[in-house]
Amino acid sequence: MTRALLLLRRRLVGSAFVLLIVVIGTFLLLEAAPGDAVDAYIASTGGDAGMIELLRHRWGLDQSALTRLANYLWALLHLDLGQSVTFSRPIRDVILERLPNTLLLMGSATALSFGLGSALGIYAGARPGSFRDRFLSIGSLALYAVPGFWLALVLIIIFAVDLRWFPIGGIESIASGKTGLDRAADIARHLILPVSALGFIYLALYLRMMRAGMAEVWRQDFVLAARAKGLSRRRIVLAHVARNALLPLVTMLGLQSAQMLGGSVVIESVFSVPGLGRLAQEAVAARDTPLLLGIILVSAVLVIAINLLVDIAYAFLDPRVGASEAGA
Amino acid sequence: MNPLRRFLRAREAVAGAIILVALFAMALTASLFFPGDPQAIAGPALLPPFQDWSLPLGTDRLGRDVMAELFHGAGTSLVVGLAAAAAALAVGAIVGTLAGFAGGLVDEVLMRITDAFQTVPSFLLALAFVSIVGPSLGVVVTAIALGAWTGPARVARAEVLSIRERDFVAGARVIGMHPLEIAFREVLPNALPPVLALSSVIVAAAILTEAALSFLGLGDPNRVTWGGMIAEGRAVLRTAPFLSIIPGVALVLTVLGVYLAGEGVVETTAVRRSLS
């Protein structure tokens, strides 16, 4: 346990620095955007030059860039992301409202791509160079080449328009009055297509990594020893080869989270899932830069948190990690 | 056996190369076969494919020739993909070399910046950058490169860390070369091969990102893009799905071609290196 705690402490300090750099980056982008918060406010409410001056002064926008950066940091420390002009509400509230849908989508898609990807990777890597190995390698590469938004549209054409198996978009039936399990089933039915679109794109990555990892492990001495002991092939594949090849995939889970958040923008837009990604697209369409940058900040925090969790899980799975620090 | 013949023996690599050659041919002959503005109205609206041989792939909602748009869009995908990848590889190689060769505080700062760029979803970053600066070809290329340079930077740094301890670097120090000159004239060229091995993945990702940006309406408005064509077709998804499917198939083939050819090149050169 102390091992994991020590690792956590070191990673938290590093993460704070990284987050500071991200914040400075979003501040620079905010500064580069044409117009400021006052322009956006006046554009939506109207007002004269005197009012503009007053607001600029009150919101501290007439001060130097460094002071503005300090104000921005101070506000962020109080979890204040500013006001969204499009929604006329605090950005934090708008984002928190959309976050659960994105987490549900991402979590399910990750489970799909990791589960099915590593299973198929084991299947391919069990007999390197066989027909099924080559077929799955090429097939997964082809899948990896598919743009997410296009796969989403193709799934809609086949399963929502032609076969009418699933709804065309949204997160649940509007005003259906469903509660409890019924509602959960309804949401699941709405999420099957978006989760498939997002999950299948990244499936190839886990499949290929699992396969490549297994090819490495096959060459190691302990596999030879297992063979010499006369273990069945099935047992060698599952208990010795696949098990050792699985660890690097866990790290990949964390690294992929940023990619998946990015990918969810187009998927949520195509399926009208009211999540963070769709919010980003709405912010772009409405030219609501503070909202867009708020989403980027929240995504960065989310990615850091996921990576921390993955690191801790990894420390539990692999006793070698962090052992030197605990011993010191 | 020379590398070219080895490359030609790998069937997947040859398939990839054929796709890429076809793509370049499409891009280069676009103005020849389809002169004038590809976004001009060429016939009746929503003509299905294979009906009229002067408009082989039919027309879209506004009566624009899908075939002409497909040819002109090939150029956009290739230019953006190659330019963004070149920029990302160059920036990544330079940052990685500086970090690895300088070490200490420079290394620490550069690597935390790299971390920060990897923490922000690259597609969101590209989205924000294009929407703030305004869509044009150069901005789209920059936006994509912004999210793609971190991989090459890490690989370059790792390679430089092992190279800087070699004898020829010590030799360059002894004859009094400037550290920057050593870093960029002696170390960087030797660190390049594994960085360049990333090119196909980066080009492919750049093409996909460009398509996604155009799909969301953030492509260069003065150019035909396959992503834009798919977005355009989406409005008539029920009645004319071919308008979304055709440019999508072109995208899949392009990215697959880049992957296959890239993998072929890496494999043939890697074999050559391990043999020598």
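Helices here are DSSP runs of H or I with at least four residues, strands are runs of E with at least two, and both are numbered from the N terminus. By that count chain B has 12 helices and zero strands. The model is predicted, so local features need pLDDT of at least 70 and side-chain atom pairs count only at pLDDT 80 or more, while totals for chains, interfaces and linings use all residues. Residues are numbered from 1 along each chain as its sequence is written, with chains lettered from A and ligands numbered from 1 in the order in which they are written.

Let's stay with chain B for a moment. Its C-alpha trace spans about 75 × 50 × 30 Å along the principal axes. Of its 276 residues, 50% count as buried (20 or more other C-beta atoms within 10 Å of their own, C-beta atoms being placed from the backbone).

Now zoom in on one helix pair. The axes of H5(B), residues 122–133, and H6(B), residues 137–148, come within 8 Å and cross at roughly 150°; axes are lines fitted to C-alpha atoms over the stretch in contact, with angles from 0 to 180 degrees between N-to-C directions. That crossing makes the two helices roughly antiparallel (over 145 degrees). Residues meeting here include B:Phe129 from H5(B) and B:Ile144 from H6(B), where contact means C-beta atoms, placed from the backbone, within 7 Å.

Finally, the two chains: 40 residues of chain A are in contact with 36 residues of chain B. On the chain A side, H12(A) gives the largest share, nine residues.

Notes:
A residue is buried if 20 or more other C-beta atoms lie within 10 Å of its own, exposed if 12 or fewer, and partly exposed in between; C-beta atoms are placed from the backbone. Angles under 35 degrees count as roughly parallel, over 145 as roughly antiparallel, 65 to 115 as roughly perpendicular and the rest as oblique.
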